[in-house]
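Subject: Structure handover

Hello,

Here is the structure I promised to pass on. Please open it alongside this message; my notes follow below.

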Amino acid sequence: MDSFILALFSDTDKLRPSTLYQILIGKRTSSVLSYAFFYDRLGLFQALPQLNEREYQQTIADLIQQGMLSRDSDGLLLKRTAANYEQSREMLLHHTDYFRYGRTTEEAWRFVRLLVQAAAYQEVTNQYIPVENTPLYTEPVRRLIHQYPEIKKITHRELSAVFAQLPAEVADFLAGTLSGPDLLGQAFFQLLPESVQGKPWDNLYVGAAIHQFLALVEKESQMVLFQGLSPFLNRNLNQSMLESRALFLQGASVEQIMEKRRIKRGTVNDHLIEWALLDPTFPYQRFDTSLLNKLPETSWKNSYQELQELLTTDFLTIRLLQIAQKRGIRC
């Protein structure tokens, strides 16, 4: 746990340990999500929903006592690193995306395993033991096979294209779980590198591998793989947020969304902020983007009161402009 906690922190930005804990367990508020986004920890949202708070706080206290972390009123700062720090940090901050894929990470890969197996046995035999036998997986696979008679060639082509874009270590790790007529896939725990066999690195390593795969598939909407995975990917999204997004895209204002859906302003604000955090193409032009030029650099380090006095606009506009600033969007 020590190496994991250290990898969460930075030697440049002071981070609040209480908010990091809320990120890890998945406390879904716009303030927690925004903080995670501004400090590049959004991919870890709900990465460890069962994390024990007392154990987490005790680990931090021990690391402070050992001189690995320093604390002041603004938060914690990394002072010394542990072995494999850079490799661990790279995986946590750049390859995991539990915010986008966390709810169905395992389900999505179980679907892929069954699809690959069924495709591989096509025109060979239908007498085999499937890796999955529940309708959640068997029904979408059956539909794809019926819709695409050449599913064997298609799956091979698409998987090869995706795996070619992954780091070799990740591609080999995922491919090792796939089965066919001449190959029996292994379980993830049998394939884990020795360096990540302890908790919580084992689950994080698996998650990071699958998330990288899903991110590449999601960029290729014409793929059959994307078609099959879409229901699993969509279940990760906040369905209430999607309803508010649909109305906003139809031209509805915040007030009209409140009235039509009979929800509070704060809820609509949360929905629009979550949408902006997920989607780089969020329509910022619906707000006063000229105010972007007035935002101080790294404006998320300023208090809301300071920004409100500077911009004289509402909370939602300020938060969305901060997200745009973090993304490097200019007016």
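A word on domains before the list: the domain bounds used here come from an automatic or database domain assignment. On that basis the chain has four parts: domain 1 (1-85), domain 2 (102-234), domain 3 (238-278) and domain 4 (282-330). Keep in mind that this is a predicted model.

Domains 1 and 2

The centres of domain 1 and domain 2, taken over C-alpha atoms, lie 32 Å apart. Domain 1 puts 7 residues into the contact, and domain 2 puts in 5 residues. How much area is buried between domain 1 and domain 2? About 530 Å², with carbon and sulfur atoms giving 69% of that area.

Helix packing around H12

Two packed helices are described by the angle between their axes and the distance between the axes. Two of the pairs I looked at share helix H12 (residues 201-218).

Take H9 (residues 151-165) with H12. Their axes come within 10 Å and cross at roughly 120°. Angles of 65 to 115 degrees count as roughly perpendicular. H9 and H12 are therefore oblique to each other. Their crossing is right-handed. On the H9 side, the residues are Leu 159, Val 162, Phe 163 and Gln 165. They meet Phe 213, Leu 216 and Val 217 in H12. By class, this contact of H9 with H12 has 6 nonpolar residues, 1 polar and no charged ones.

Now H7 (residues 105-121) with H12. The angle is about 65°, and the axes are 10 Å apart. That makes H7 roughly perpendicular to H12. The crossing of H7 and H12 is left-handed. H7 brings Thr 105, Ala 108, Trp 109 and Val 112. H12 answers with Gly 207, Ile 210, His 211, Phe 213 and Leu 214. The residues of the H7 and H12 contact divide into 6 nonpolar, 3 polar and no charged.

One more point by H12. Which form does the peptide bond from Lys 199 to Pro 200 take, cis or trans? It is cis, with omega near -5°. Pro 200 sits in the loop between helix H11 (188-191) and H12. For context, most peptide bonds are trans.

H17 and H18

The axes of H17 (residues 304-311) and H18 (residues 315-327) come within 11 Å and cross at roughly 100°. H17 and H18 are therefore roughly perpendicular to each other. From H17, the contact uses Tyr 304, Leu 307, Gln 308 and Leu 311. From H18, it uses Phe 315, Ile 318 and Gln 322. The H17 and H18 contact counts 5 nonpolar, 2 polar and no charged residues.

Arg 261 is in helix H15. Which residues does Arg 261 contact, leaving aside its neighbours within four places in sequence? Ser 240, Glu 243, Ser 244, Leu 247 and His 271. Arg 261 and Ile 64 are 197 residues apart in sequence, and their C-alpha atoms are 48 Å apart in space.

Arg 262 lies in the loop between helix H15 (254-261) and helix H16 (265-278). Its phi is near 55°, a positive value in a residue other than glycine. Most residues other than glycine have a negative phi.

Best wishes

Technical notes:
Residues numbered from 1 in each chain as written. Predicted model: local features only at pLDDT ≥ 70, side-chain atom pairs only at ≥ 80, totals over all residues. Heavy atoms only, no water. Axes fitted to C-alpha atoms, helices over the stretch in contact; angles between N-to-C directions. Helix = DSSP H or I, 4+ residues; strand = E, 2+ residues; numbered from the N terminus. Parallel < 35°, antiparallel > 145°, perpendicular 65-115°, else oblique. Left-handed = near helix turned anticlockwise from the far one by under 90°. Contact = heavy atoms within 4.5 Å. Nonpolar A, V, L, I, M, F, W, Y, C, P; charged D, E, K, R; others polar. Buried area = accessible area lost by both parts, 1.4 Å probe.
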